[in-house]
Amino acid sequence: MDSFANVADITYFIYVDDHCDIETLRKRVSTRILARDENGKQPYGLLLKSTTQKFGFTCLSDKSKTIDFNEHVRFCPGADHPDRVYSEHEFLDAVSKLADNLWEERKPKWELLVTPQVKREGSEEISTAIAVKFQHLYFDGISLAQFLRNCILDQPAPKLILDPVNPRLPPLTLFKKILLGLQVFFMGPYISLRLFGNDYDPVLSEGPLTGGKLIGRTKMNISLKMMRRIRKFHNCTTQAVLNSAFIGSFQKMAKRKDIKLPDEIIAATALASFPYPDEYTNNNTSFAFEPVPINNNNPLGRLAEMENLISLELLGMYPAALLREFAKCLKMAYYVSNVPGIQGSVTIDGKNVGLIYGAGPLINRNRYHSGVGVFGGTFYISLYIEKSKIISNREELEEWIEEYEREIQLLDAGVAAKAA
């Protein structure tokens, strides 16, 4: 699994609007991970294990007797001075610098990185910032959000907001499940050849993901009302809105540097299979892939649904060597994922949490990820990227985020103009 080892991480960022004591946080997390339910089982016992390779397969190795929670809940290297107030960008850059470091095999692959004082963008509050970082094999976004609720936040924690805009899908009947299974069985080879059979465009893939990462987020108030208005008027999904905004803004950033983009790229969105338990780890992630024309200058023309579903179930099912070859062929330039939000106000140790947002992983040559979640009635969109010729530094990332926000405003302005 080494092709995934240093990039397939999923991260939540939590900003506590007061001093959050790291010893108290460490004790809370360790106590709840070690806790057993009424049946004597450990809902989060998987976090006491590490991944390893045996006979070419990825397996779990028990580390419960050697785990040291001081190594897993620690100050963030590069942003750890107790008396200094860091900017949010400095905190995010410190977390980004760790992304190219390989996880150590001797311990479970997760950690909480704490910076005592951070002034976040758009707020006068001095917050304790926490990056909750896991290798994706332990969790998908929904299970990680449940971990936040059960192991970090004060109890009882509010429920999750899985998708406040898209309508809830009805449960699949047995007939539909059989039909879907047959469709995947017969269409799988064709879809695989279609999506994985071509070479990468050198503009979007400049080699291994070892050149440094950047993380940022939107600051504009993208309200639930605004997103519902856009979706209803254009008759599209939230993912389609994000795809349109991503491509339109990315196109503008490339144009600034006179970089020619390919005519079409493979976009992806992360999906999940339900139902989910409130506790216990789960990884039910699937990807929906779609060819997207990247040089379409019309925002409305880019609003399209995702089509082809390919499920990625990684842990222990296939030899690691096969997964490495699969990762090399995974032909997607970027992907969008819904990151579950949390309803209402939340606290840690009685102190208000001012903001929570998440960022998904980069996998192999997939250099760009956009994660969308809701907190406090506002959509927050994260951008987690590998540095490239198009976006090479923090300043350019922030310019891209501004363009991303403008693309969403354009879609909303179209609704307002039509209504007038």
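Trainee: Okay, K213 to start with. Buried or exposed?
Mentor: K213 is buried, because its relative accessible area is 4%, and the cut-off for buried is under 20%. Keep in mind that this is a predicted model.

Trainee: Which side chain does K213 meet in a salt bridge?
Mentor: That of E386, with 2.9 Å from N to O.

Trainee: What about E386, buried or exposed?
Mentor: E386 counts as buried, because its relative accessibility is 1%.

Trainee: How many salt bridges does the structure hold?
Mentor: There are 26. One of them joins E104 and R106, where the closest N and O atoms are 2.6 Å apart. E104 is partly exposed at 36% relative accessibility, and R106 is partly exposed too, at 45%.

Trainee: What about E402 and R406, where are they?
Mentor: Both are in helix α10, which covers residues 394-419. They sit four residues apart, about one turn of the helix, and their side chains meet in a salt bridge at 3.8 Å, N to O. E402 counts as partly exposed at 40%, and R406 does as well at 37%.

Trainee: Which residues are joined with them into one network?
Mentor: Through salt bridges that share partners, E402 and R406 are linked up with K252, R256, E399, E403 and E407.

Trainee: Changing topic: how many residues are in the largest nonpolar core?
Mentor: It has 63 residues. Those with the most contacts inside it are F13, I14, I130, V132, F134, F147 and I152. Elements giving two or more residues include β1, β7, α5 and β19. The largest share comes from α5, with seven residues.

Trainee: Then pick F147. What is it in contact with?
Mentor: Leaving aside neighbours within four places in sequence, F147 is in contact with V29, I33, Y44, L47, V132, F134, F139 and I152. There is also a second, separate core of 41 residues, which includes C236, I265, V292 and I408.

Trainee: What lines the largest cavity?
Mentor: D9, T11, F13, V95, S96, A99, K133, I215, A359, G360 and Y384. The elements that give two or more residues to that lining are β1 and α4, and β1 gives the most, with three.

Trainee: And what's the lining like by class?
Mentor: Six nonpolar, three polar and two charged residues. F13 is in that lining, and F13 is also among the residues with the most contacts inside the largest nonpolar core.

Trainee: Last one: where is G371?
Mentor: G371 is in strand β18, residues 368-375. G371 counts as buried, because its relative accessibility is 1%.

Trainee: What is G371 in contact with?
Mentor: Beyond its neighbours within four places in sequence, G371 is in contact with S337, V339, G358, Y380, I381 and S382. G371 and L383 are twelve residues apart in sequence and 6.6 Å apart in space, C-alpha to C-alpha.

Methods: Residues are numbered from 1 along each chain as its sequence is written. This is a predicted model: local features need pLDDT of at least 70, side-chain atom pairs count only at pLDDT 80 or more; totals for chains, interfaces and linings use all residues. Side-chain values use heavy atoms; hydrogens and water are left out. Buried means under 20% relative accessible area, exposed over 50%, partly exposed in between (1.4 Å probe, protein chains only). Contact means heavy atoms within 4.5 Å. On a 1 Å grid over the protein atoms alone, a cavity is a set of points where a 1.4 Å probe fits but cannot get out, and a pocket is an open set with protein on both sides within 12 Å along at least five of seven lines; lining residues have an atom within 4 Å of a point. Ala, Val, Leu, Ile, Met, Phe, Trp, Tyr, Cys and Pro count as nonpolar, Asp, Glu, Lys and Arg as charged, and the others, Gly among them, as polar. A nonpolar core is a set of buried Ala, Val, Leu, Ile, Met, Phe, Trp, Tyr and Cys residues joined through side-chain atoms within 4.5 Å. A salt bridge is a side-chain nitrogen of Lys or Arg within 4 Å of a carboxyl oxygen of Asp or Glu.
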